[in-house]
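Trainee: I'd like to learn how to read helix packing and salt bridges in a model. Could you walk me through it?

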Amino acid sequence: MKKSSPSPVSSALEPLSEKLDPNGDMSLAVNIKMDRRFFLKVSGMVGAGLVLAFGLNGKAKAASSEGRPELNTYIRIAPDGSIFIYSKNPEIGQGIKTALPMIIAEELDADWDDVTVEQSPIDKMLFGRQNAGGSRSVASNWNTMRTAGATARHMLIEAAAIEWRVPAEECTTENSHVLHAKTGQKISYGNLATKAAALAVPPENAVKFKDRQDYKILGKRIVGVDNHAMVTGQPLFGIDQVLPGMLYAVYEKCPAVGGGVDSANLDEVRKLPGVKYAFILAGNGNVMELKPGVAIVATTTWAAFQAKKQLKVKWNESNASKDSLSSLIKQAQLIKTQPAEKTLYEKGDVDAAMADSAKSIDALYSFQFAAHATLEPQNCTAWYDNGAIEVWAPTQSPSRGLISVANTLGITEDKVTIHQTRAGGGFGRRLVNDPACEAAAISKYINAPVKLQWTREDDMAHDFYRVGGFHSFKGGIDQEGKIAFLQDHLITFSNNGEKPVIAGAPRQPSQLFPAQLLNNFRLDQSMLPLKARCGLLRAPWSCTAAWAVQSFLHEMAVAAGRDHLEFLLEIMGEPQWLPPKGLYGLNTGRAAAVIKLAAEKAGWGKQLPAGRALGLAFHFSHASYMAEIAEVSVSATKKITVHNVTVAADMGPVVNLSGAENQCQGAVIDGFSTMLGQEITIENGRIQQSNFDTYPLLRMPDAPTVDVHFIQSDNPPTGAGEPALPPLAPAICNAIYAASGYRVRTLPLTKEGFSV
């Protein structure tokens, strides 16, 4: 069984760090430059074996001069053969705590059973970017992790060669051992660790990576390192955190963003059972940190929850949101008939092509606001003591959390320590650290350790929502049944009247698919005012744009009388790499390959009973290529059954096959859940949904089977958790049309009368 740290707080790193000279004057250490990072080998620690760490070039030197140790992501091989690998990024269920150490272990040629994985502490000076977002964790750490493992392996071979007095080139490695075939000798990494630690770190060009065909760990199904701890109920998540003498807090905020506290019945609340404190916090003016509100601190979570029910607050809503989504939707219906506020991107002559088209169609697609609805509600534990604070936070962005907590308390960042715990779902919600700021402020006020716990209702009312919006399309077909032009008038929302809310519009309008592949394309934009705060939700922008664009492309294929598969492949054309060339530019050859693979695996063109059909969609995001085909039945009463979804993915070499499949399957289920019946509505500035009775999750009997197929390649690895979601909604909606002739142009599906 794979071992991992049972505690949310890494325990093995701190003692090693303490053994380093705080000034960085390590007589036995060797630093070399490697890309933008350099290796730091620390030897001479009795009993430590081989320790390999990275320091940030430049930053680490500055850090050491300030009296801080230079350890970063590293490997420790103990004399007993135990191999400790530290995982630096937050684990929110995406499997990164297992995946990053797998990369190191592969290049180290370690026996995975010898490896113990621990979560690293948070320190931007030592570890650089520690964040979970954008499906970038593997992509951004791939080369660093490979170099770490390969360098350690190189040094162990050198140590064995010296021991045996044989050329290092004749030695090989296997399962945490070095072997010499000519003499039949074999020695474990543990027995070599201390000797390897005495060697110089090899230069970068001396380190060789494995060929992909020689991988023994990567590409295999590896069980998550926390799985055993989770099923046996060991503390891993933020909500599990317990401190000696800890109290329990809740925090009530105005239901309309921008509102403050006029007064509250604090004296009554303080008399309730278990209540220790009840007080008002003014906020710090930043809705992403500390909003104004009322804190109640009690001896138990239950007592705090019960007291919150008795809390009566008079809110000051003079500057609060008066948002009315129903009114905004009516305004959008008018805007689509009017000239757009601005053109974001134009290619060719859309107006001329419109006039010359053999056939044209237009359609308005609208999609809903959505909440993240993580199963672990927001929470945080904080302990303010003597001008400094420690925070235990299930966060996706601990580095940013450190800054936010310091801002909230008015202290310097070096007075803030953040321990990263496992998070029960993130999806982008935990990129904002407002619960950590609230917990910190409450702990400072009472000068004691406290765990802040949000209710599900708090979570729903104070989220940073996926923005809703509208795409008003016009499209034309020429005499040959090809796309003559495509025009998209995006109607989105703005908090300041100048810029769209986050993820409300594409960052690179010219790269909106299929803009680069058409002769005539125009993207316009208009905005509606909004006070509600929006944020990033799984595959931001792509999760809604893919649905609208891929659905309308299917409409155009139908209007042209063309098969959708053939129509989509024709758009891709000959294989080419579109700007920006490189990882984040679309390669039409890779795109066509996943589309063809999905079609092959799903049996595109096969005969199906009446009312049952296949729907296809493709999307490229986060540098990954995803094509999905949904097989859907539609009854006369609009009841749908999604029987199966076939996913074809190209994201370079797969690191953990189990994790990659899990992410694709999870994205399909999550995507179906969101498109089916989830919707956040706002009236008088207030969110109208409060819990899963009004914001339903997909139930297990309604979930489809999901078949996942990967195209393995030597392209740089990218992610699966986000890019596997966007094609799902258009694939299902295109299948609904093929099965029933009903075109879905509004999400969620329940608004169009569909059910499961």
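Mentor: Helices (H or I, at least four residues) and strands (E, at least two) are DSSP runs, numbered from the N terminus. Axes are lines fitted to C-alpha atoms, for helices over the stretch in contact, and angles run from 0 to 180 degrees between N-to-C directions. Bear in mind that this is a predicted model, where local features need pLDDT of at least 70, side-chain atom pairs count only at pLDDT 80 or more, and totals for chains, interfaces and linings use all residues. Residues are numbered from 1 along each chain as its sequence is written, and side-chain values use heavy atoms, with hydrogens and water left out.

Trainee: At what angle do the axes of helix α18 and helix α19 cross?

Mentor: Roughly 65°, and the axes of α18 (residues 657-677) and α19 (residues 728-740) come within 9 Å. Contact means heavy atoms within 4.5 Å. On the α18 side, it is made by Val668, Gly671, Phe672 and Met675, and α19 brings Leu728, Ala729, Ile732 and Cys733.

Trainee: How many nonpolar, polar and charged residues does that contact of α18 with α19 have?

Mentor: Seven nonpolar, one polar and no charged. Here Ala, Val, Leu, Ile, Met, Phe, Trp, Tyr, Cys and Pro count as nonpolar, Asp, Glu, Lys and Arg as charged, and the others, Gly among them, as polar.

Trainee: Next topic: how many salt bridges does the structure hold?

Mentor: A salt bridge is a side-chain nitrogen of Lys or Arg within 4 Å of a carboxyl oxygen of Asp or Glu. The structure holds 31. One of them pairs Lys253 with Glu438 at 3.0 Å, N to O. Lys253 sits in strand β11 (residues 247-253) and Glu438 in helix α13 (residues 434-446), 185 residues apart.

Trainee: Are Lys253 and Glu438 buried or exposed?

Mentor: Both are buried. Buried means under 20% relative accessible area, exposed over 50%, partly exposed in between (1.4 Å probe, protein chains only).

Trainee: Why does Lys751 count as partly exposed?

Mentor: Because its relative accessible area is 47%. Its salt-bridge partner is Glu679, at 3.2 Å, N to O. Lys751 lies in the segment after α19 and Glu679 in the loop between α18 and β28 (682-683), so the pair ties together parts 72 residues apart in sequence. Glu679 is at 16% relative accessibility, so this residue counts as buried.
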